[in-house]
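Good morning, everyone, and thank you for making the time.

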Amino acid sequence: MDNVFITKKNTNGLSGEIIIPPDKSISHRSLILGALTKGKIKISNISLGFDCISTLKILNELGVRHKFLSKRELFLDATGAFIEPKNKLDCGNSGTTTRLMAGLLASKNFKSELFGDESLSKRPMKRIIEPLELMGAKIKSNDNKMPLIIEGGVLKGIEYKSPIPSAQIKSALLIAGLNAKGKTKIWEKTLSRNHSELMLEYLGANIKKGYDDNGYFVEVEKSSLIEKDIEIPGDISSAAFFMVAGAIIKNSDIVIKNVGINPTRTGILDVFDQAKINYKLLNKRMLANEPVSDIQVSYSENIEPFEIKGDLVPRLIDEIPILAVLATRANGKTVVKDAKDLRNKESDRIKAIVEAFMALGVEIEEKEDGFIIQGKREVKNSIELETFLDHRLAMSYYVLSLITKKELKIKGFDCINTSFPEFLNLMKEIQK
Ligand code: S3P
């Protein structure tokens, strides 16, 4: 992907209502947990980014059938009998596909191989290999990276204190635990996104969650899931690009419809409160056990600097690149810390952001677990920015380009298709 996207300069503000794409995390879970229901279920408003398509194609290789009813609506036909795949299973760019699927495959009585693209092949997998092996799976890897060759079988439940607050680790173990002997109990010091837990409750699994002396816990036992239709809310991580654009571009006032506001994902709203951004939550409601709202954001003249650390980090982990863009407009020093796992995302997001911002003339200091940005400095230079095939960097740089005086070139911009193929059309639609 060496296409270079040259951004349009200056806009007179953003206005109007938009519908952003379905939540990617919930879409992956609807497919995988839906496939475990042993029935026909209708999934509405499903993400069609490359990442969720990777999950769907792997399920097809495992014998699960689907039929699209309309563009974003499909029937999943799960018999409960997963078959040994004839081919290697392609996870593309998707860490969620890899880690959740590893949990499923570890509990099946056959051999399978998961592989991924260049960026995914560099990401750490020890975090799921170790606990799945404790449950009894046999997993060969390339020094704890992909490809993963999984020999699954009858697993036993474990008690596991997760060293990283990662919803992917938690979900992999919950999915494996659904078909294991005994209980699987996972603790997290800081709660990561809980969509798996909420969907498992919705589908009638044997699941308990709460807090004890070790922090947040969730526990599952062997369960038969009930076939129930699932409707997916819009993705707050996709909405984030528009929310920040609306806040920093003069004359903007936009409404983003139908956004998931699960508290484990709304760290961006906490940051908006700190930064004194003008926003409102309208029309709050529930959708398949998940809270949803419309979000109105308008231009905010005096943006306060903010601090991202501790428990807030997992609640906005994917939004840090776009919040770094917000920090360039703040009236002072913004600090991001306790976010070392950003180095293990689709790219090393700390390094990539620091290098790009420095080249643009933004005052930024790199830390091992984050960065410090001095806001309100003019972004002076016109350069070619490297996305490292990371969709969230590409979209963050696009939003940044809307407030820079000079043109920016964004290399490998096509990578936005992994989560948000409609991004540019939507951006153009609301630019005055
Ligand atoms: C995800 C969890 C997060 C997030 C990723 C999606 C999920 O990763 O960064 O984009 O759907 O479970 P970690 O769980 O590794 O933090």
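Predicted model: local features only at pLDDT ≥ 70, side-chain atom pairs only at ≥ 80, totals over all residues.

Let me begin with lysine 42 and glutamate 73, whose side chains meet in a salt bridge at 4.0 Å, N to O, where a salt bridge is a side-chain nitrogen of Lys or Arg within 4 Å of a carboxyl oxygen of Asp or Glu. Lysine 42 sits in strand E3 (residues 40-44) and glutamate 73 in strand E5 (residues 73-77), so this pair ties together parts that are 31 residues apart in sequence; helices (H or I, at least four residues) and strands (E, at least two) are DSSP runs, numbered from the N terminus. Lysine 42 is partly exposed, with a relative accessible area of 27%, and glutamate 73, at 23%, is likewise partly exposed, the terms being buried for under 20% relative accessible area, exposed for over 50% and partly exposed in between, with a 1.4 Å probe and protein chains only.

Residues are numbered from 1 along each chain as its sequence is written, and side-chain values use heavy atoms, with hydrogens and water left out.

The structure holds 33 salt bridges, and a second one to look at joins aspartate 318 and arginine 193 through their side chains, at 3.2 Å, N to O. This pair links distant parts of the chain, 125 residues apart, with aspartate 318 in the loop between strand E20 (307-308) and helix H9 (320-327) and arginine 193 in the loop between strand E13 (184-188) and H6. Are these two partners buried or exposed? Aspartate 318 counts as buried at 11% relative accessibility, and arginine 193 is buried too, at 10%.

Not counting residues up to four places away in sequence, arginine 392 touches Lys24, Ser237, Phe241, Asp318, Pro321 and Arg349, contact here meaning heavy atoms within 4.5 Å.

The loop between E20 and H9 also contains proline 314, which counts as buried at 10% relative accessibility. Leaving aside neighbours within four places in sequence, proline 314 is in contact with Pro165, Thr190, Leu191, Ser192 and Thr264. The C-alpha atoms of proline 314 and aspartate 338, which are 24 residues apart along the chain, are separated by 9.7 Å.

Let me turn to helix H6 (residues 195-202), which is mostly covered, with seven of its eight residues buried. Those buried residues are His195, Ser196, Glu197, Leu198, Met199, Leu200 and Tyr202, and they pack against helix H1 (24-35), helix H5 (167-177), strand E14 (207-212), strand E15 (215-220), strand E16 (230-231) and strand E19 (290-298). Just after H6, glycine 204 takes a positive phi of about 80°.

Finally, the domains: the protein chain is divided into domain 1 (24-231) and domain 2 (241-430), with bounds that come from an automatic or database domain assignment. Their centres, taken over C-alpha atoms, are separated by 28 Å, and the contact takes 26 residues from domain 1 and 24 residues from domain 2. Between them the two domains bury about 2,200 Å², 49% of it on carbon and sulfur atoms, buried area being the accessible area (1.4 Å probe) that two parts lose on being put together, summed over both.

There are four salt bridges between domain 1 and domain 2. Another salt bridge to locate in the model is that between the side chains of arginine 72 and glutamate 422, at 2.3 Å, N to O. On the side of domain 1 that touches domain 2, the elements giving two or more residues are H1, helix H2 (50-61), H6 and E16, and the largest share, four residues, comes from H6.
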